[in-house]
Amino acid sequence: RAVKIIGHALSKLELINTGKLTIAYTVTTKQELDDLGAKDEDTDEIVDHIMRIKDIDMCIYLREDDKDGSFKGSLRSANPDIDCSVIASQLNGGGHARAAGFNTKAASFEELKNNVINYLPSLASETAIR
């Protein structure tokens with residue numbers, strides 16, 4: 001099960017270039033978990049696989065926790081100038097500079113992805129990006 005959901009998430013991976021940063025991004029919906037017979041814990045290694053991509057600054061992995069707009073997010077940084085914990089703290093989470101997570105509500109994956117990406121330049125003075 002874990003291999004299937006990891007492969008599925010990686011097959012949808014996007015590389016986002018913000019002009020200053022390259023961000024790897026993917027998601028898993030509750031429906032995809034159900035369809036593949038996977039459990040939430042089967043997604044735990046997805047960010048580790050994403051971080052093997054060369055020349056990215058950070059990765060964002062989002063998983064739909066249920067269908068009422070709840071999401072779990074994982075952030076990882078390959079760039080020592082990006083503090084993931086600063087971003088996660090804005091989304092009801094926490095962690096470390098290189099690895100952080102959060103649980104939050106949003107209208108959609110797209111809205112949440114944009115929120116995370118939009119925090120990067122706005123938090124520059126708060127050391128999200130040094």
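Me: Which residues gather in a patch of negative charge on the surface?

Reply: Bear in mind that this is a predicted model. The patch of negative charge on the surface is made up of Glu41, Asp44, Glu45 and Asp48. One of them, glutamate 45, sits in the loop between α2 (30–35) and α3 (46–50). Its relative accessible area is 47%, so glutamate 45 is partly exposed.

Me: How many salt bridges does a search of the whole structure find?

Reply: The general idea is that side chains of opposite charge can pair when their charged atoms come close. Here the search of the whole structure gives 6 salt bridges.

Me: Which parts of the chain does the pair of aspartate 42 and arginine 1 link?

Reply: Aspartate 42 and arginine 1 form a salt bridge, with 3.3 Å between the closest N and O atoms. The pair links distant parts of the chain, 41 residues apart: aspartate 42 is in the loop between α2 and α3, and arginine 1 is in the segment before α1 (2–11). Aspartate 42 has a relative accessible area of 10% and is therefore buried.

Me: Is arginine 63 buried or exposed?

Reply: Arginine 63 is buried, at 6% relative accessibility. Its side chain meets that of aspartate 65 in a salt bridge, 2.8 Å from N to O. Aspartate 65 is partly exposed, with a relative accessible area of 22%.

Me: What is the separation of lysine 113 and glutamate 110 in helix α5?

Reply: They are 3 residues apart in helix α5 (residues 109–122), which means a separation of about one helical turn. Lysine 113 and glutamate 110 form a salt bridge, and their closest N and O atoms are 3.3 Å apart. Lysine 113 counts as buried at 7% relative accessibility, while glutamate 110 is partly exposed at 42%. Both belong to a network of salt bridges that also links Glu14.

Me: Where does isoleucine 53 lie?

Reply: Isoleucine 53 is in the loop between α3 and β3 (58–64). It counts as partly exposed, at 27% relative accessibility. The C-alpha atoms of isoleucine 53 and alanine 78 are 9.9 Å apart, and 25 residues separate the two along the chain.

Conventions. Residues numbered from 1 in each chain as written. Predicted model: local features only at pLDDT ≥ 70, side-chain atom pairs only at ≥ 80, totals over all residues. Heavy atoms only, no water. Patch = residues over 30% accessible without salt bridge, like charges linked within 9 Å, V, L, I, M, F, W, Y side chains within 5 Å. Areas by Shrake-Rupley, 256 points an atom, 1.4 Å probe, with all protein chains shown as cover. Salt bridge = Lys/Arg side-chain N within 4 Å of Asp/Glu carboxyl O. Lys, Arg positive; Asp, Glu negative; His and termini not counted. Charge placed at Lys NZ, Arg CZ, Asp CG, Glu CD. Helix = DSSP H or I, 4+ residues; strand = E, 2+ residues; numbered from the N terminus. Buried < 20%, exposed > 50% of the residue type's maximum accessible area, 1.4 Å probe, protein only.
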